[in-house]
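The sequence and the structure are shown first.

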Amino acid sequence: MAKISKKRKEALAKHDLTEVRSLIEAAKVVKDITYTKFDASVDIDVRLGVDPRKADQMVRGVATLPHGTGKVVRVLALVTPDKEAEALAAGADFVGLDDYIAKIEKGWTDIDVIITMPAVMAKVGRLGRVLGPRGLMPNPKSGTVTTDVAKAVQEVKAGKIDFKVDKTGIIHCSVGKVSFDEKMLAENALEVIQTLGRLKPSSSKGTYIKSITLSSTMSPAVPVDSQVNSAN
């Protein structure tokens, strides 16, 4: 078993990690119990009262975090030649079509988001076996298949994230970095929670948001009030 550092022991001793807290209080605790030498990501996990096996209870959506994710997002725009300049001007890191499709078919996936156009989805579709398992396949529901490529690139670069409930009924996504102040983290987390609220399936019965936790890379999870309606 890995040894716990003295500082980490002291931080854990200061906090009752079974206590349910407000978003901003939870963010403070996460910052206090994180001792990684790098700027760790802060994640939110929301357990939903849905059955992901049923198509009408599959929760998937996008949220634009007011303070971004703190990550450098590498964007590939798979577009026709007439859209290349537009995608580059919007901030795409890689732009092209056939050459990048061939590169991906050979295993290249050194990117975080792929944005493309409906007109080229027939070509992009054959990349499903490579991109699907990595969560990189463009999808109209996440806004990554669009006629307005420039806008999509700008939104992703500004902090737009997409999420999808996993097979256990949990939504997991990043809401920033430990270097963010607690208010920024709380406001980003609230945006995800409120977006999930708007996406509640009509067929979902009983409690929809069952539990919420915040954690950082390698930190314990801190419970958050599931009835939260503000960042404070």
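## An exposed loop residue

Lysine 141 is exposed, because its relative accessible area is 69% (exposed means over 50%, buried under 20%, partly exposed in between, with a 1.4 Å probe and protein chains only). This residue sits in the loop that connects α6 (128-131) with α7. Between its C-alpha atom and that of leucine 127, 14 residues apart along the chain, the separation is 18 Å.

## Basis of the description

The model is predicted, and local features need pLDDT of at least 70, side-chain atom pairs count only at pLDDT 80 or more, and totals for chains, interfaces and linings use all residues. Residues are numbered from 1 along each chain as its sequence is written, and side-chain values use heavy atoms, leaving out hydrogens and water.

Helices (H or I, at least four residues) and strands (E, at least two) are DSSP runs numbered from the N terminus.

## The sheet

An open sheet is formed by three strands in the order β4-β3-β5, with parallel pairing; two strands pair if DSSP finds at least two bridges between them. β4 (94-96) and β5 (113-116) are at the edges with a single partner strand each, so one side of each has no neighbour in the sheet. From one strand to the next, the twist averages 15 degrees.

Strand β3 (residues 75-78) and β5 run parallel and are joined by four bridges. Leucine 76 has isoleucine 114 in β5 as its bridge partner.

## Helices on the sheet

Helix α4 (residues 98-105) packs on the sheet and touches β3, β4 and β5 (contact means heavy atoms within 4.5 Å). The direction of α4 makes about 115 degrees with that of β4; axes are lines fitted to C-alpha atoms, for helices over the stretch in contact, and angles run from 0 to 180 degrees between N-to-C directions.

Helix α7 (residues 149-158) lies across β3 and β5, at about 165 degrees to β5.
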